[in-house]
Amino acid sequence: MTAHPSPDHHPSSRPSGPQRSSLPPFGARLRRAMDERGPLCVGIDPHASLLADWGLGDDIKGLERFTYTVVEALADRVAVLKPQSAFFERFGSRGIAVLEQAVADSRAAGALVLMDAKRGDIGSTMAAYAATYLDPASPLFSDAVTVSPYLGYGSLRPALDLARQSGTGVFVLALTSNPEGAEVQHAVRADGASVAATMLDHLKAENARDAAPMGSYGAVVGATLGDTLAAAGADLAIGGPLLAPGIGAQGATAADLPKVFGAAVANVVPNVSRGVLKHGPDVAALRESAARFAGEVRDAVASARG
Ligand SMILES: O=C(O)c1cc(=O)[nH]c(=O)n1[C@@H]1O[C@H](COP(=O)(O)O)[C@@H](O)[C@H]1O
């Protein structure tokens, strides 16, 4: 995909091969951001219906206005912003240019950017996806990216290795928030372990290096899962972050977090997208909503600590 972004936020051509980064490991950066700002992650998901609700057109101008308003409202106060790439890709190269600008502006304002791209392919193609999001020379360079392990955990190796090199992170889908996920993720392998438990074990091993204060390799575990985690034999003590989508529009609440995550709740990065975004386009209302979710998360985590 060829992008034509404004020239002010990234190099016009990419050097060959991954660039070394001076960034500390992602896990350390994320832990610090969680300590300073609280663990909330807000999604930037410009649904067509939200654009309409905001009084915007379902076009590039609407996309720009929506995206830059969310960045202006939240990038200086939440730990993580998670743009969902699909909502930008559907506008073609001009949508990608908006995404590039949003990533750069969010990072400049102090938010970590988790690119929600859910990529996954054979290793050699995965290397290109990894370069897209985790190579500091890329116009879409982000602090972390979501990936899908359906081609096998080993196929993710180029992303896992580039993340270590560039101080970025990788979030692997383990137990997703949608009800359809169980047919794959709860499936039991010949050795008796579920697919999800196997992914979590891989991540635990990945995090064994650079484990303090937190590993850079995360799992996606839905906040909607209630007590079904036990059925998947999931050990959430992976030493890395746990991205927990599903709060708000999908029905989970902050109060569910201790029940779903138990002792691992300290590593949970709860995500809310529509639950916050529906309060736009008023910047103050977006901030108030994010602050309310952040407060509920803080109270839930504190009550779990006793
Ligand atoms: O990786 C994700 O972020 C993700 C994983 C998952 O299991 N479930 C899930 O909803 N998500 C994403 O999290 C966001 C949830 O949005 P809301 O339901 O509007 O809060 C969307 O961008 C989803 O693509």
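**Burial, helices and backbone angles in a predicted model**

Q: In which strand does Lys 118 lie?
A: Lys 118 lies in strand β3. Strands here are DSSP runs of E with at least two residues, helices are runs of H or I with at least four, and both are numbered from the N terminus. Residue numbers start from 1 along each chain as its sequence is written. The model is predicted, with local features needing pLDDT of at least 70 and side-chain atom pairs counting only at pLDDT 80 or more, while totals for chains, interfaces and linings use all residues.

Q: Why is Lys 118 called partly exposed?
A: A residue is buried if 20 or more other C-beta atoms lie within 10 Å of its own, exposed if 12 or fewer, and partly exposed in between, with C-beta atoms placed from the backbone. Lys 118 has 17 C-beta neighbours inside 10 Å, so it counts as partly exposed.

Q: What makes the phi of Lys 118 worth a remark?
A: Most residues other than glycine have a negative phi. Lys 118 is not a glycine, yet its phi is positive, near 45°. Asp 210 also has a positive phi, about 55°, and is not a glycine either. Asp 210 sits in the loop between α9 (195-207) and β6 (217-221). With 19 other C-beta atoms within 10 Å, Asp 210 is therefore partly exposed.

Q: Which bond joins Ala 212 and Pro 213, cis or trans?
A: The bond is cis, with omega about -5°. Pro 213 is placed in the loop between α9 and β6. The peptide bond from Gly 280 to Pro 281 is cis as well, with omega near 5°, and Pro 281 belongs to the loop between α11 and α12. Most peptide bonds are trans.

Q: How do you know that the span of α3 agrees with a helix of 15 residues?
A: The expected span is 1.5 Å times one less than the number of residues. For α3 (residues 60-74) this gives 21 Å, and the end C-alpha atoms are 21 Å apart, so the two agree.

Q: What do the buried residues of α3 pack against?
A: Leu 63, Phe 66 and Val 70 are among the buried residues of α3. The elements they pack against include β1 (41-44), β2 (80-83) and α5 (92-108). The buried residues of α5, including Ile 96, Leu 99 and Glu 100, are covered by elements among them α3, β1 and β3.

Q: Why is Gln 250 called partly exposed?
A: Gln 250 has 17 C-beta neighbours inside 10 Å, so it counts as partly exposed. Gln 250 lies in the loop between β7 (242-244) and α10 (256-261). Leaving aside neighbours within four places in sequence, Gln 250 is in contact (C-beta atoms, placed from the backbone, within 7 Å) with Ser 177 and Thr 224.

Q: Which residues come nearest to the ligand?
A: Near means a C-beta atom, placed from the backbone, within 6 Å of the molecule or strand. Of the 20 residues around the ligand, Thr 176, Ser 177, Pro 245, Ser 273 and Arg 274 come nearest. β8 (268-272) and α11 each supply at least two residues of this shell.

Key. Two residues are in contact if their C-beta atoms, placed from the backbone, lie within 7 Å.
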